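Let's walk through this structure together, one part at a time. Keep the viewer open as you read.

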Amino acid sequence: MKKWRVLDTGIRTAAENMALDAAILEAKAKELIPNTLRFLRFSPPAVLVGYHQSIEREVRVNFCCQNGIDINRRITGGGAIFFDRSQLGWELIGSKESLNFSVASETFFRKVCSAVICALRKLGLEASFRPKNDIEIDGRKISGTGGTEEGGAFLFQGTLLMDFDVEMMLKALKIPVEKLKDKEIESVKDRVTWLKRELGYLPSLGEVKGAIRKGFEEVFQVEFFEGNLTAEERDLFQGKMDEFRSDKWIHKVRYPAHERQILKSSHKAKGGLIRVTLVVNSRLRRIQSALITGDFFAFPRRTIFDLEAALKDIEAREECVRKKVLHFFKNGGYKVLDVSPEDFIEVITEALSKIEYPRYGISLSEANRIFTVNGTLEEILKKNIPILLLPYCAKLKGCKFRYEKDCTECGKCSVGEACRIARGKEIVPTTIVNFEDLMGTLKMCKTQGIEAFVGSCCEAFYTRHREDFERIGLPGILIDIDNNTCYDLSKEQQAYAGTFENQTQLKLDLLRKIFSNISSPARM
Amino acid sequence: MIDIKGYRVEEELYYTKDHVWAKVEGENVRVGVDDYTGKTAGEFTYVDLPFEGDEVEQGETLAKVQSSKWVGKLVAPVSGEIVEVNEALDRDASLLNKDPYGKGWIVLIKAINLESELRDLISGDAVKDWMRLEVEKAEKEGYREKAEQA
């Protein structure tokens, strides 16, 4: 039986662990060492970006510096990860020839992962492989992996979450959750898991390492002997430390910040609300990651997590999204009650359409505060827009015009200023005083042959009433509002009736930007 | 162009055993990866290209490519100076998959030791046999599953 080495390099800093990866891989490429299973841990905690990622885009650098978290770059591909002291890293370094491959494939990843899956089963957990290269338990990721090669050697590595501080990870990485609300933290907790949570106790490191070692022995039909770093490896390691500690390595990849976009959209399907948040590399036009939440029912529970995994790394174009989503639902045995594949395609495509917003001087964060109905932003901006619809909730609470269509433009609230901006563009402002008034105004505009409108409302209102806007069919651009809305305060019934008593704030900067893109003089 | 078990192979090219192809164009050599690489690795998402004017040695890393969280290293088939880089790959790395022998070329190298280095590469009748063996090896290990789905 073949003999491989098992090497435990203990607890080390991020730079040491990264330099060791490179040193051991080089030693293997030079055929100085046997195939090796290495265990590694980190102290201080570390954030590690993938080889091709940019620190600025993936990491909350200030938070990490203030909290003593190391930042470094892996030699392997994949996404940014947070490695706290409790986690265990595992990796296999070997010759491609010994595993009979020249080009690494998903089946190769599957084979290496199957050793760790075998280990998790020994611990009593039903783990499985999720393409392209994660290990999961009931849809929740417990081990993410990545790899690289050099000459005839390869290195394939993974994390194993033992115990995990989700909040700390969210603070250290730029994961697109906005305010770390409980709900957002829960949605992340839904997607990852760790040994302590699954087993109900924290197994000892020795037990876990032993299980992984046995898993590799069974899958690869080998025997392990315990070894240490060789003299050659130690020399290579020492020789690489300066490089892996250097800014040149850590900040090797710098992309302009605008290339990483977070795009959001929501859509009310028959079976419930779907919200999608995409992280997109706009230069490469690729979806880096997708987060899909909502109040629909999916069977099995893992459906959405698998869909998110399927959308990863695909081209950020409608035809690619369509192909992927249709293929996913056709072949996977997945079902979402009263939500069709078309609903998912629509909401994702709509989020993607925001890639174009910077062309209109609208920044990334602003892009998610603009909603459109019955057309894309580009289409609507080409139309003649003669009317601005403003919500009464933005007027002063004590204003006697609060529930009237008019405004005296006294300057005490944002509505007056919005009216002035509109008039400067020959656009007629009007206040919407309740839901019926909105529907009546839109219908009237439609009858009068008005091509499109600009309006302002909160995201919750837009999401809930999008179908009503679509039924009337008038294209429009809606700008989000600030401050606590009726929906934040659970007072939508009062708002519907026109008796909501809080004051919101219009986003005047965004309104100016939208108006600056309306080229043709608009007339009612 | 021939088809070997689902992989397109340009017989007249030179190959490294890591599936990098080389095409002689006068004193220059155009370089890319073969169809087998694209179909086996999956869709490429990033390419790290060298710069024009860089000098490379045969067998040295020429470019790094990423697919499915794997950073693959492509080696130079010949030594020389890089005189042209395919910048289209910067925006769309998947050209390596879509058109490996055409729009997916990687660099043009002005070779300095062409004749002797070409002898180190797989060419002529040996190409077919080598590729057939590669596919059989992958089939034996079960690595072929993905290619059949592709």
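The paragraphs below go from confidence to domains, then to a sheet region and the nonpolar cores.

Bear in mind that this is a predicted model. Its scores are ipTM 0.90 and pTM 0.81. Chain B has a mean pLDDT of 92, with 95% of its residues at 70 or more. There is one stretch of chain B to treat with care: over residues 145-150 of chain B, pLDDT stays under 50, and the model has nine contacts beyond four places in sequence for them. Where pLDDT is low, the predicted coordinates should not be read in detail.

Turn now to chain A. The domain assignment divides chain A into domain 1 (2-250), domain 2 (257-357) and domain 3 (369-516). Between domain 1 and domain 3 of chain A, the C-alpha centres are 51 Å apart.

E20(A) runs parallel to E18(A), joined to it by three bridges, and A:Leu388 stands opposite A:Val454. E20(A) also pairs with strand E21 (residues 476-479) of chain A, again in the parallel sense, over four bridges. In that pairing A:Leu478 is the bridge partner of A:Gly455. Follow the chain from E20(A) through helix H18 (residues 459-472) to E21(A), and you trace a right-handed β-α-β unit.

Next, find helix H16 (residues 414-424) of chain A. Its buried residues are A:Ser414, A:Val415, A:Gly416, A:Ala418, A:Cys419 and A:Ala422. What covers them? The cover includes strands E18 (387-391), E19 (428-432) and E23 (505-506), along with helix H20 (508-516), of chain A. After H16(A) comes A:Glu426, with a positive phi near 60°.

Finally, step back to the nonpolar cores. The largest has 109 residues, and A:Val47, A:Val116, B:Val31 and B:Ile109 have the most contacts inside it. Helix H1 (residues 14-29) of chain A gives the most to this core, with 10 residues. Apart from this core lies another, of 73 residues, including A:Ile304, A:Val336, A:Tyr357 and A:Ile370.

Definitions and conventions
Residues numbered from 1 in each chain as written. Chains lettered and ligands numbered in written order. Predicted model: local features only at pLDDT ≥ 70, side-chain atom pairs only at ≥ 80, totals over all residues. Domains from an automatic or database assignment. Buried ≥ 20, exposed ≤ 12 C-beta atoms within 10 Å, placed from the backbone. Helix = DSSP H or I, 4+ residues; strand = E, 2+ residues; numbered from the N terminus. Contact = placed C-beta atoms within 7 Å. Pairing = 2+ DSSP bridges. Right-handed = clockwise from strand over helix to strand, strands pointing away. Core = buried A, V, L, I, M, F, W, Y, C linked by C-beta atoms within 7 Å. pLDDT = per-residue confidence, 0-100.
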